[in-house]
Structures are given as C-alpha cells and as structure tokens.
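Open your viewer and get the selection tool ready. We will go from one stop to the next, with a note on what is there each time.

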Amino acid sequence: LKAKIADSLPRHSLLPLQHRMASARLQITIESASNLYNSDGILAGKSDPYVVVEVPGQESMKFQTQVINNNLNPVWNETGEIMGFMDGDVLQFTVMDKDT
C-alpha cells in the first residue's frame, strides 16, 4: 500500500507538531497497492479492493476509498481527511475486499 500523509499546519513553523496545536486536520492520500491477494478465488474473478484509514476506537475519525473492481494492482489516488488527529494517535490502514 502506498500512501502520503500531511498535516494542515504551515511548514514555516519552527515548533514541533505537538507544540503547535493539540489536534489537526490530517490529509492522507492513498495512492496504490500492488500484488494484492486474490480473495475472490480463481473462478470468481479478482478482488475488489478498497482501503479504510482510521484511528482505532474513534468511529468519526475514519475515511474509505472507492472500490476498484477486479484489480490486484489498484490505483486510487484519493485524498481524505481525518479531523481532530492528535499527537500520539495511531493510524490504521486496512485493505479490504468488497465481496468478503
């Protein structure tokens, strides 16, 4: 899985992130994945992958990409935001199959 993460804070600030603000709007770009497992099986076609990005235990801090049908090397190039991300929060990236 290939992803980019950026906070919404100005880059010219000299203070570390934790001193600039307690929480931020975090932008995450899910670019692509390669050589995914075919969870649909040989006779049923290929997987229909999508990605869920979340802060575990925080239902409102989550976004999901679109499903790419029948593709083991999907390209999403989708950017989502997680509001309220705080220093010390953990991001979890999960690649799922629509059919399973």
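Strands (E, at least two residues) and helices (H or I, at least four) are DSSP runs, numbered from the N terminus. Two points before we start: this is a predicted model, where local features need pLDDT of at least 70 and side-chain atom pairs count only at pLDDT 80 or more, while totals for chains, interfaces and linings use all residues. Residues are numbered from 1 along each chain as its sequence is written, and side-chain values use heavy atoms, leaving out hydrogens and water.

**Whole chain.** Colour by secondary structure and you will find 1 helix and 6 strands, in the sequence pattern β-α-β-β-β-β-β. Of the 100 residues, 30% count as buried, that is, under 20% relative accessible area with a 1.4 Å probe, protein chains only.

**Stop one: L26.** Select L26, which lies in strand β2. Is L26 buried or exposed? L26 counts as buried because its relative accessibility is 6%.

**Stop two: T29.** Stay in strand β2, residues 23–32, and pick T29. Its side chain makes a polar contact with the side chain of T79 at 2.7 Å. Such a contact is a pair of N or O atoms within 3.5 Å; within protein, one must be able to donate a hydrogen and the other to accept it, and residues adjacent in sequence count only if both atoms are side-chain atoms. Leaving out residues up to four places away in sequence, T29 touches K2, A3, K4, E78 and T79, where contact means heavy atoms within 4.5 Å.

**Stop three: the core.** Next, select I28, I30, V53, I82 and L91, the residues with the most contacts inside the largest nonpolar core, which has 13 residues. A nonpolar core is a set of buried Ala, Val, Leu, Ile, Met, Phe, Trp, Tyr and Cys residues joined through side-chain atoms within 4.5 Å. Strands β2, β3 and β5 (75–86) each give two or more residues to this core. Centre on I82: among the residues it touches are L26, I28, V53, F63 and L91.

**Last stop: an open sheet.** Show the 3 strands in the order β4-β3-β6, paired antiparallel; two strands pair if DSSP finds at least two bridges between them. Strands β4 (62–64) and β6 (92–97) stand at the edges with a single partner each, so one side of each has no neighbour in the sheet. Between β3 (residues 49–54) and β6 there are 6 bridges. To finish, select Y50 and look opposite for M96 in β6.

Technical notes:
Buried means under 20% relative accessible area, exposed over 50%, partly exposed in between (1.4 Å probe, protein chains only).
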